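Please look over the sequence and the model shown here before reading the briefing that follows.

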Amino acid sequence: MHLNWVLVASKMLNVASKMLDLASKMFDLASKMLDLASKMLDLASKMFDLASKMFDLASKMLALRQGLRHY
């Protein structure tokens, strides 16, 4: 009977070890996903800045064109 408890405890430790390993891998994956999300936010911010500058440039070009019409 004592041997059965030892086997059960051994299997439980093995399962717990595998669960800890899986949890560690999940944590690493989540960390990488957060890094990727951060990079995506940085890229979106840069794209927004670029679009804003393009809009400003287009507005100035239209104003210049309208100003040249008067001559």
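Of the 71 residues of the protein, 0% count as buried, where buried means under 20% relative accessible area, exposed means over 50%, and partly exposed lies in between (1.4 Å probe, protein chains only). This is a predicted model, in which local features need pLDDT of at least 70 and side-chain atom pairs count only at pLDDT 80 or more, while totals for chains, interfaces and linings use all residues. Residues are numbered from 1 along each chain as its sequence is written, and side-chain values use heavy atoms, with hydrogens and water left out.

**Overall form**

- The protein has one helix and zero strands, these being DSSP runs numbered from the N terminus (helices H or I with at least four residues, strands E with at least two).
- The radius of gyration, taken over C-alpha atoms, is 31 Å, well over the 11 Å from the globule rule for 71 residues (2.2 Å times the number of residues to the power 0.38), so the protein is more spread out than a compact globule.
- Along the principal axes, the C-alpha atoms fill a box of roughly 105 × 10 × 5 Å.

**Helix α1**

- Helix α1 has 68 residues and reaches 100 Å from its first C-alpha to its last, close to the 100 Å expected at 1.5 Å a residue, the expected span being 1.5 Å times one less than the number of residues.
- Leu20 is found in helix α1 and is exposed, at 64% relative accessible area, and its C-alpha atom is separated by 27 Å from that of Ser38, 18 residues apart along the chain.

**Salt bridge**

- The structure holds one salt bridge, a term for a side-chain nitrogen of Lys or Arg within 4 Å of a carboxyl oxygen of Asp or Glu.
- Asp21 forms this salt bridge with Lys25, and their closest N and O atoms are 3.4 Å apart.
- Asp21 and Lys25 are four residues apart in helix α1 (residues 2–69), so about one helical turn separates them.
- Asp21 is partly exposed at 41% relative accessibility, whereas Lys25 is exposed, with a relative accessible area of 53%.

**Nonpolar surface patch**

- Leu3, Val6 and Leu7 form a nonpolar patch on the surface, with about 280 Å² of accessible area together.
- Patches are made of residues with over 30% relative accessible area and no salt bridge, like charges being joined within 9 Å and nonpolar side chains (Val, Leu, Ile, Met, Phe, Trp, Tyr) within 5 Å.
- Leu3 lies in helix α1 and is exposed, with a relative accessible area of 59%.

Notes. Accessible areas come from the Shrake-Rupley method with a 1.4 Å probe; for residues, only the protein chains shown count as cover.
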